[in-house]
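Let's take a walk through this structure, one stop at a time. Have the sequence and the 3D view open side by side.

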Amino acid sequence: MIAFNIFLFLLAIDFIGYSFRLLNKDIANSIINLTANPFISLFIGLLITAIIQSSSTSTSMIVAIVASGSIEFSDAIPMIMGANIGTTLTSTLVSLSFITNRDEFRKAIGAGVVHDFFNILVVAILFPLEYNYGILTNLSSAASNFILGADYVAQNSEFRYFLFTKPVVLFIGGLIPYPVVLAISSFVMLAITVKFLSRTLYKSITGGSREFLQKYFFGSPYRSFFWGIVFTAGVQSSSVTTSVIVPFVATRKISLKQSFTFILGANIGTTITALIAALFKSEAAVSIALVHLFFNLIGVLIFLPFPIIRNIPVKMAKSFGRLAMRFRIAGFAYIIFTFFLIPFVLISFNKEEGNEKEVDVKIEESLNKPVNPTDSLD
């Protein structure tokens, strides 16, 4: 069953890349134009992941789109950063289920937003470094070149497609001549396969028992961090693992500090999905998957070893928990504004601004176009 789910997952990735290669140039160019602005690209990744509620799915989509050549590698990096913020929505939504109990709600929403605040802080640190110095671009490119070698694409991609997914992709692609329909269907297929794969692995590892997690996964900070990596890599969804611990914090079974170190591990473990999706793809696809890994790894290296720094997101989450306990509408407002309203408004504004610039360019080109005297005779 697990092997079949993995096959469907890889098949969905290939369908996404295949459908994007079939899209007409106008649609492809509009995607490229939106992601050309790194700030807007960041919010595109945030919005997509908030809607899907799975960074594993959204980063896998980004890998497939980069592999198809529709988006440049450097333009996709801010999307990966945004996806890390967007994936935290699930645990925050889970915390709202405790809204009827003031004390439990305070602790639950603190456990939900601590993941948000950590990723926002890491983005605030790494986004300027990437924009000005290309730190993630250079690091991931160097790593992929070292790991893969120059002949990686030519040998492995053909081997994989020949044995596994290429015949299925070409057959079904021939039956569905509409690239947009194929792209939407492949996105749905990817989301479903990730959900089923996560559920299957979750039951296999824990037997469906949350008590098992409570007893064995939370000890010292580094032990929690280790099990956060292992468990999230197994279920391939940080949304699942980070949501599971929210009730533990709400009911005082574990502290917010303990949950935070587990979340740090979950951030590393969730990168396995994008790495699997990048297997046998282009070097750019492998590089963008490594960006996801390095982004989270650098964040862990900044926060985990130093208790003072590690407590910053925890204190921010506790403060927000107290605010949400006093004004419960704050939790809903935070979710609406952070994950949906702000990204949607910025993306829409940028799209309209891009269309206006395109019209201005066309007008300028028409004014500067030399006039043919014979045109007036027609």
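Are Phe-117 and Phe-320 buried or exposed? Phe-117 is buried, and Phe-320 is buried too. Keep in mind as you look around that this is a predicted model.

Searching the whole structure turns up nine aromatic pairs. In one of them, the ring centres of Phe-117 and Phe-320 sit 6.2 Å apart with the planes at 85 degrees, so this pair counts as edge-to-face; the cut-off for that label is an angle over 60 degrees. Phe-117 belongs to helix 7 and Phe-320 to helix 19, so the pair ties together parts of the chain that are 203 residues apart in sequence. Tyr-334 and Phe-339 make another edge-to-face aromatic pair, with 6.0 Å from centre to centre and 90 degrees between the planes. Tyr-334 and Phe-339 are both buried. Now put the pieces together: ring pairs join Phe-117, Phe-320, Tyr-334 and Phe-339 into a cluster.

Stay on helix 7, which covers residues 102–133, and find Phe-105. With a relative accessibility of 0%, Phe-105 counts as buried, since the cut-off for buried is under 20%. What does Phe-105 touch, once its neighbours within four places in sequence are left aside? Its contacts are Ser-95, Leu-96, Phe-98 and Ile-99, plus Ala-324, Met-325 and Arg-328. Take Met-325 from that list: it is 220 residues from Phe-105 in sequence, yet the two C-alpha atoms are 6.7 Å apart in space.

Next up is helix packing. Two packed helices are described by the angle between their axes and the distance between those axes. Helix 19 spans residues 307–326 and helix 16 spans residues 256–269; their axes come within 10 Å and cross at roughly 120 degrees. That angle makes helix 16 oblique to helix 19, and helix 16 passes helix 19 in a right-handed crossing. On the helix 16 side, the contact is made by Leu-256, Lys-257, Phe-260 and Thr-261, while helix 19 brings Arg-310, Asn-311, Pro-313, Val-314, Ala-317 and Lys-318. Sorted by class, that contact between helix 16 and helix 19 has five nonpolar, two polar and three charged residues.

Helix 16 also packs against helix 18, which runs over residues 283–303; here the axes come within 8 Å and cross at roughly 160 degrees. How are these two helices oriented to each other? Angles over 145 degrees count as roughly antiparallel, and helix 16 and helix 18 are therefore roughly antiparallel to each other. Helix 16 passes helix 18 in a left-handed crossing. Leu-264, Asn-267 and Ile-268 of helix 16 meet Leu-293, Asn-296, Leu-297 and Val-300 of helix 18. The residues in this contact of helix 16 with helix 18 come out as five nonpolar, two polar and no charged.

One last stop: Asp-75, which sits in helix 5, residues 73–86. Its relative accessibility is 17%, so Asp-75 counts as buried. Apart from its neighbours within four places in sequence, Asp-75 is in contact with Thr-35, Ala-36 and Ser-41.

Conventions: Residues numbered from 1 in each chain as written. Predicted model: local features only at pLDDT ≥ 70, side-chain atom pairs only at ≥ 80, totals over all residues. Heavy atoms only, no water. Helix = DSSP H or I, 4+ residues; strand = E, 2+ residues; numbered from the N terminus. Buried < 20%, exposed > 50% of the residue type's maximum accessible area, 1.4 Å probe, protein only. Contact = heavy atoms within 4.5 Å. Axes fitted to C-alpha atoms, helices over the stretch in contact; angles between N-to-C directions. Parallel < 35°, antiparallel > 145°, perpendicular 65-115°, else oblique. Left-handed = near helix turned anticlockwise from the far one by under 90°. Nonpolar A, V, L, I, M, F, W, Y, C, P; charged D, E, K, R; others polar. Phe/Tyr/Trp six-rings, centres within 6.5 Å; stacked < 30°, edge-to-face > 60°.
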